[in-house]
Amino acid sequence: MKPGTSLIAAALALICLLALPYVFTQGFALSLLCQMGIATIFALSYNMLLGQTGLLSFGHAVYFGLGAFCAMHVLRWAGGTGIGGAWAVVLLPLIGGLGGLLAGLILGVVTTRRAGTIFAMISLGVGEMVASIAPMFPALFGGEAGLSANRVFGAPLFGITFGPQRQVYFLIVAWALVAAWGMRALTRTPLGRMANAVRDNPERAQFVGYNPQMVRLLMLALSGFFAGIAGGLSAINYEIVTGETLGANTSALVLLMAFIGGVGQFYGPIIGAVLVTFLQTALSQYTHAWLFYFGLFFLFMVLNAPGGIASLIQLHRDPWRQGLLRWIWPQYALAALPVALTLAGLIGVVELIYRIAGGVEAGETSWKLFGQAIDATRWQPWALALLLLAAGGAWLEKTWSGVAWQWQMVLLATARGNDR
Amino acid sequence: MQLRYGVAAFALTVGCFAGSAFAQPVKIAYIDPLSGAFANVGEAGAAQFQAVIDDINAKGGVLNGRKLELVKFDNKTSPQESLIQFNAVTDQGIRFITQGNGSSVAGVLIDAVNKWNERNPDKTVLFLNYAAVDPDFTNDKCSFWHFRFDANSDMKMQALTSFIAKKPSIKKVYLFNQDYQFGKQVSKAANDMLGKKRPDIKIVGDEFIPLGKVKDFAPYVAKIKAAGADTIITGNWGNDLSLFVKAAREAGLKSDFYTYYGGGLGTPAALGAAAEGNVKQITEWHMNIPGTKVEQFAVDFKKKHKIEFYYGRVNVEMRMLAAAMNSAGSDNPAKVAQALEGMFLSTEIGDVEMRKDDHQLMQNLYISTFTKADGKSVKYDVEDTGFGFKTDIELQRKDTMLPTTCKMKRPV
Amino acid sequence: MEFFLVSLLNGVSYGLLLFMLSSGLTLIFSMLGVLNFAHASFYMLGAYFGYQVSRAVGFWPALIVAPLLVGAIGAAVERYGLRRVHRFGHVPELLFTFGLAYLIEEVVHLIWGRIAVDYRIPPSLDFFAFEIFESQYPAYRVFMMAVSIAMLGGLYWMLTRTRIGLIIRAALTHADMVQALGHNVPRVFMLVFGSGCALAALAGVIGGNAFVTEPAMAAAVGSIVFVVIVVGGLGSLAGAFIASLAIGIIQTFAVALDWSLLDTFRDLGWNGDVALSIGAIKLSQFAPVLPYVLMVLILIFRPRGLLGRRDT
Amino acid sequence: MSTSPVLPPALRLADVHKSFGKTAIIRGVDLDLIEGERHALIGPNGAGKSTLFNLISGRLHATAGTIQLRGADITRATPQAINRMGLARSFQVTNLFHRMTVFENLRCGALWSRGVGYTFWRRVDTLREANARADEVLEAIGLTRRRAVVAGELTYAEQRALEIGVTIACGAGVILLDEPTAGMSRSESDAAVALIKKVTIGKTLILVEHDMDVVFGIADRVSVLVYGEVIATGTPDAIHANIRVQEAYLGTDLAKGIDKELTGA
């Protein structure tokens with residue numbers, strides 16, 4: 001990309017970000033956008049570990065949560081004394097970041113002694129430890145109710161009080177841009193490069209003079225810093241932080257975001273954060289089985305696209321530039337119908353099972369679809385769903401081989417194009 | 001001419017709007033977990049609300065024929081997610097919300113409702129709390145926009161300790177609670193109240209366990225046995241209760257268990273025979289109270305949904321809301337709230353009164369014991385275990401009340 | 001003394017149950033180099049299958065059938081899932097098992113619902129085995145210990161007397177070598193994975209009714225099992241054994257102690273606010289967190305674990 | 001004598017032992033490397049050459065004895081510390097940062113020695129010295145055209161060249177090369193020898209090698225390691241003629257095979 005085009009793209013993206021809250025004016029959409037912004041920072045910080053340093057963490061929520069609690073304590077203190085007003089709110093995420101940084105430094109000394117699988121286990125254990133200890137100190141973590149505060153206090157900043165959600169949105173966008181820029185810049189520093197080196201080959205990194213443990217520790221601490229910024233923003237956004245923020249669910253969620261988005265590309269986790277946040281809020285309004293679909297989707301990605309969505313985009317990029325994608329579109333179009341049929345069958349079966357099994361305790365065995373009542377206790381819907389699944393699946397398998405074959409052609413042609 | 005047409009059109013439009021407003025249902029937002037680990041609890045609650053609402057609608061609805069409508073919002077038991085869902089609620093113009101699972105969520109919602117109503121005085125929202133029992137909500141944190149239909153944890157302890165005080169056989173009490181706010185409140189209340197009512201009772205243990213983390217309760221049971229406790233008071237719920245009782249049974253511990261949530265969803269099934277005769281619960285209602293009008297309703301509910309109807313207070317809450325709307329002649333939350341304050345109502349589970357000072361419902365409470373169902377005094381079993389609850393004592397509502405520190409701020 | 005003995009027995013029986021889980025995990029890890037995140041999920045499946053089968057044909061057949069079924073599922077998971085994802089490297093493998101754990105939990109929700117199922121101790125074992133002074137000790141706990149020890153013996157026999165055992169033992173000490181060799185013995189991999197899962201399921205069958213059978217049981221025990229194998233030393237069965245017992249016993253006895261830092265602070269004459277809020281925590285309150293603390297301490301002072309030989 | 005300043009040897013191994021459990025792999029090795037010499041280590045498979053390299057470079061720690069780098073004790077030092085003191089090594093099995101480009105690999109090799117450390121407040125592209133050094137090495141190992149290719153996608157010979165490049169990028173004075181030409185064709189290994197000679201001018205070099213042509217092409221001195229002991233050290237010609245060496249090899253069947261290998265048959 002020429003520098004000119006990337007500048008235009010950046011400007012367009014910025015305009016979109018600023019225009020969004022005026023397009024989606026509803027409170028729900030706005031809070032979803034805010035959540036996505038926070039998730040983006042969090043997922044990017046996670047990828048500093050997984051994508052860049054090769055550390056699979058199951059306890060990243062600790063840094064997010066501790067950052068959030070630090071920010072919350074300062075917010076309560078500032079709110080009580082009125083110090084700083086809106087300025088304090090603007091700078092609060094930095095406090096969260098420092099909290100995350102400190103936590104990362106302290107816990108990192110223990111966890112980064114080992115890498116790979118062991119690190120994964122230890123991060124899980126340490127995360128579990130912090131999450132279980134937190135409720136024992138209500139003075140620090142607020143117990144079950146968590147800690148809450150009012151973000152509106154003191155003097156406004158150019159008329160901004162951070163009362164309205166839209167103002168908070170802009171604050172989140174600003175911090176997200178700064179944090180993303182910071183994390184992107186970090187990948188281009190000596191430490192960032194050595195993190196990649198340690199990811200690829202920790203032993204060799206030793207033999208070029210670097211201590212892999214130190215590299216991991218610093219990366220963990222810095223990643224904790226950015227996670228803490230996200231935590232601080234979440235403290236401002238929700239005006240509450242609870243102990244469960246530290247827990248396994250938050251850690252698993254950020255892992256899902258980063259992985260589904262793609263850990264191999266810098267922008268991958270951004271896609272993941274936006275998508276997963278949207279899905280978990282939106283999907284749950286349509287089906288009780290959303291966690292099941294979610295798990296299925298995740299496993300599908302692990303088995304078929306371990307590089308996440310970003311890797312799929314990356315895959316299409318070169319052929320697209322060379323105008324070779326037109327070879328693929330017809331194949332995709334052919335596969336679209338069987339994909340849709342298979343999915344419909346799968347969803348049908350899952351929903352039917354949910355209706356008759358213990359999953360939905362409310363015990364409603366029928367639901368309405370296109371104005372038609374479907375009763376899971378009768379055999380017809382089952383037959384239809386299973387038929388769709390089987391026939392769609394068989395058809396898909398056939399058409400997919402066409403897609404795969406066409407791809408091989410495209411890749412060959414792309415490689416030739418690249419050589420030229 | 002033109003003008004007259006215009007006026008006519010205007011009148012017609014207004015008429016239509018007014019007419020449709022009458023036909024429109026009054027929506028109540030139900031914000032509780034519908035997915036995740038506690039989805040069953042949320043779903044069960046939703047089903048009970050729906051059943052009561054259906055019943056009210058079938059009998060003519062509210063405000064001369066308008067229907068009530070339950071709209072479900074999944075908060076995944078997370079305070080943050082609850083705030084997002086609260087946004088969705090206000091987006092849809094819903095003016096009444098109800099929630100019960102988790103005092104953390106309730107606390108957040110009270111804050112959110114207060115802030116919203118302050119910033120949007122023409123679109124106020126009313127919060128009806130059916131199960132979050134933190135005493136603070138009707139004391140220091142009380143709000144004009146919040147009404148609680150469950151007895152708070154201190155009131156329940158008041159009732160439990162009054163009962164214990166009358167049993168001279170009780171000498172040694174062990175307090176066993178989860179290590180979080182609610183558990184600590186239970187422990188504190190028990191210590192204070194027992195100390196006043198029966199100073200001779202020795203509290204031989206005051207244990208806190210991390211919430212949902214203990215897998216093997218045998219060591220705790222061994223400790224309780226060693227302490228020689230004859231009675232255990234516990235605010236534990238879910239597995240922290242059922243595992244505990246099972247371990248006690250396994251080790252042959254014969255103490256009585258005074259619980260808050262012995263009848264909670266799934267707990268009787270997990271307890272089974274292990275709880276027979278020694279697990280007691282405190283509730284505002286249960287199936288084996290003779291003469292309440294809600295009995296047949298609950299039986300029908302169970303037939304249809306295969307789960308127990310156990311929230312007597314859901315029935316109370318919805319009927320009080322309907323009555324308040326009717327007496328206010330409006331679905332404006334501010335007016336409904338005024339009508340609710342101090343309201344007295346004879347409901348299907350008995351007479352109740354909404355205390356004006358703190359918006360805490362006053363209702364009779366029952367202490368009952370998990371007993372083998374015999375078709376007579378224990379007519380119904382719970383969760384098909386063959387065991388049901390049998391009343392030990394009925395406490396009158398005035399005996400359960402505690403003074404409040406609430407200084408209610410009402411909108412002018 | 002009575003309390004001490006009862007606690008000791010409780011600790012040992014819990015520790016042995018932990019070992020049943022961690023041994024399978026250790027074997028799988030040593031052979032395949034995969035940390036099976038879903039291991040505890042197979043424990044849960046074992047409990048649910050045990051419940052379902054014992055309702056149909058009784059507890060004793062369930063004790064055999066359920067582990068076999070779960071073992072078969074485990075083998076299928078290895079054959080059609082792990083083996084496919086193996087080419088992508090260790091992190092995707094780990095993520096695969098993570099996703100699997102997630103999915104299994106949802107499937108359990110789907111089939112058995114979210115509340116605990118009524119999985120009871122069989123009447124034939126629901127009595128008191130013996131008396132310690134005045135306390136009666138339940139037979140089922142004794143039975144649990146017996147099964148664990150029998151399994152321990154079986155495992156020992158298999159490792160020392162069979163060909164597969166030889167390969168597995170080689171894998172425990174020279175993982176690289178056997179892994180390089182491993183592509184020639186995929187069936188052994190499948191078998192080990194299946195057996196590991198079956199062991200977990202056996203623990204589920206006997207643990208599910210002693211404790212509780214519900215969808216959160218996997219998550220509850222999963223992290224503890226990881227702690228066990230980190231503390232014991234990765235790839236060391238003996239280490240896992242010691243760590244299991246240690247954690248079982250430490251947790252049991254910590255419960256018994258009402259000692260708190262506050263007492264110490266008072267003895268030292270401190271009475272500050274901070275000391276009060278932090279020091280008031282009793283050791284017994286802290287008990288369930290102790291395994292994690294133990295893990296952190298081990299990592300600081302002996303990073304390779306109690307009996308571990310390998311660094312990573 | 002005792003008062004005159006004596007330059008310490010580039011590398012000194014004094015009575016170094018290494019055992020794994022009961023098995024002794026290195027059984028008392030004494031070896032002095034003179035500053036600037038090119039030293040080859042030969043011996044049959046299993047003699048302990050790679051183990052000795054691992055001991056020197058800090059990958060393993062000696063059971064007994066001492067290792068000194070220019071007079072400083074490095075017996076118990078970590079690999080990174082040893083590297084920082086001026087010793088670099090390559091690996092028998094290619095051991096690169098396989099997901100990074102050729103240039104990035106070389107730059108990683110150059111970073112520490114250019115005093116960069118764990119810097120995270122400066123862009124790596126602005127570090128002129130390190131970049132210049134990486135490009136210099138890139139050119140020396142003849143991979144300039146492959147600058148932006150990911151290391152994992154290089155041909156085998158190119159990877160071996162990069163392996164040497166990463167090793168020398170830090171500019172260490174003492175360089176350990178572990179079988180730099182293993183698995184190469186004749187012409188490839190000739191090119192490798194030329195490359196090694198070119199890039200190690202003025203450095204102290206010690207290499208493990210089976211290919212006697214390579215050994216004779218590079219080494220000033222040769223040491224023979226058999227069963228964990230150095231049985232002879234001398235010029236290539238002297239070693240070739242050394243009867244004791246012959247004996248050692250001819251003693252067993254195993255040695256015969258190695259002898260063949262050594263003589264290039």
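**Figure 1. Residue A:T111 in helix α4 of chain A.** In this predicted model, A:T111 is located in helix α4 of chain A, an element that covers residues 86–111. A:T111 counts as buried because its relative accessibility is 2%, and the cut-off for a buried residue is under 20%. When its neighbours within four places in sequence are set aside, A:T111 is in contact with A:F119, A:I122, A:V126 and A:L220.

**Figure 2. The interface of chain A and chain B.** Chain A contributes 35 residues to this contact, and chain B contributes 35 residues. The area buried between chain A and chain B is about 2,900 Å². Carbon and sulfur atoms give 52% of that buried area. Three residue pairs in polar contact are counted between chain A and chain B, with both residues of each pair at pLDDT 80 or more. On the side of chain A that touches chain B, the elements giving two or more residues are α2 (27–53), α5 (116–133), α12 (268–282) and α13 (290–304) of chain A. Of these, α2(A) gives the most, with five residues. Sorted by class, this side of chain A has 17 polar, 13 nonpolar and five charged residues.

**Figure 3. The salt bridge between chain B and chain A.** One salt bridge is counted between chain A and chain B. The partners are B:K115 and A:E239, and their closest N and O atoms are 2.8 Å apart.

Figure 4. The secondary structure of chain C consists of 14 helices and two strands. Chain C has 312 residues, of which 59% are buried. Among the contacts in chain C with a separation of 6 or more, 79% are between residues 24 or more positions apart. The accessible surface of chain C comes to about 12,400 Å², and 68% of this surface belongs to carbon and sulfur atoms.

**Figure 5. The interface of chain C and chain A.** Four pairs of chains are in contact, and of these, chains A and C share the most contacts. The contact takes 42 residues from chain A and 47 residues from chain C. About 4,100 Å² is buried between chain C and chain A, with 80% of it on carbon and sulfur atoms. Within chain C, the residues that lose the most area to chain A are C:L95, C:Y102 and C:L110, which together account for 16% of what that side buries.

**Figure 6. Elements of chain C that touch chain A.** Two or more residues on this side of chain C come from each of α3 (59–86), α4 (90–112), α9 (217–232), α12 (273–279), α13 (283–286) and α14 (290–301) of chain C. The largest share, 15 residues, is provided by α4(C). By class, the side of chain C that touches chain A has 32 nonpolar, eight polar and seven charged residues.

**Figure 7. Chain pairs without contact.** No contact joins chain C and chain D, and the closest C-alpha atoms of these two chains lie 12 Å apart. Chain B and chain D are likewise joined by no contact, with their closest C-alpha atoms 34 Å apart.

Key:
Residues numbered from 1 in each chain as written. Chains lettered and ligands numbered in written order. Predicted model: local features only at pLDDT ≥ 70, side-chain atom pairs only at ≥ 80, totals over all residues. Heavy atoms only, no water. Contact = heavy atoms within 4.5 Å. Buried area = accessible area lost by both parts, 1.4 Å probe. Salt bridge = Lys/Arg side-chain N within 4 Å of Asp/Glu carboxyl O. Polar contact = N/O pair within 3.5 Å; in protein donor to acceptor, adjacent residues only side chain to side chain. Helix = DSSP H or I, 4+ residues; strand = E, 2+ residues; numbered from the N terminus. Nonpolar A, V, L, I, M, F, W, Y, C, P; charged D, E, K, R; others polar. Buried < 20%, exposed > 50% of the residue type's maximum accessible area, 1.4 Å probe, protein only. Areas by Shrake-Rupley, 256 points an atom, 1.4 Å probe, with all protein chains shown as cover.
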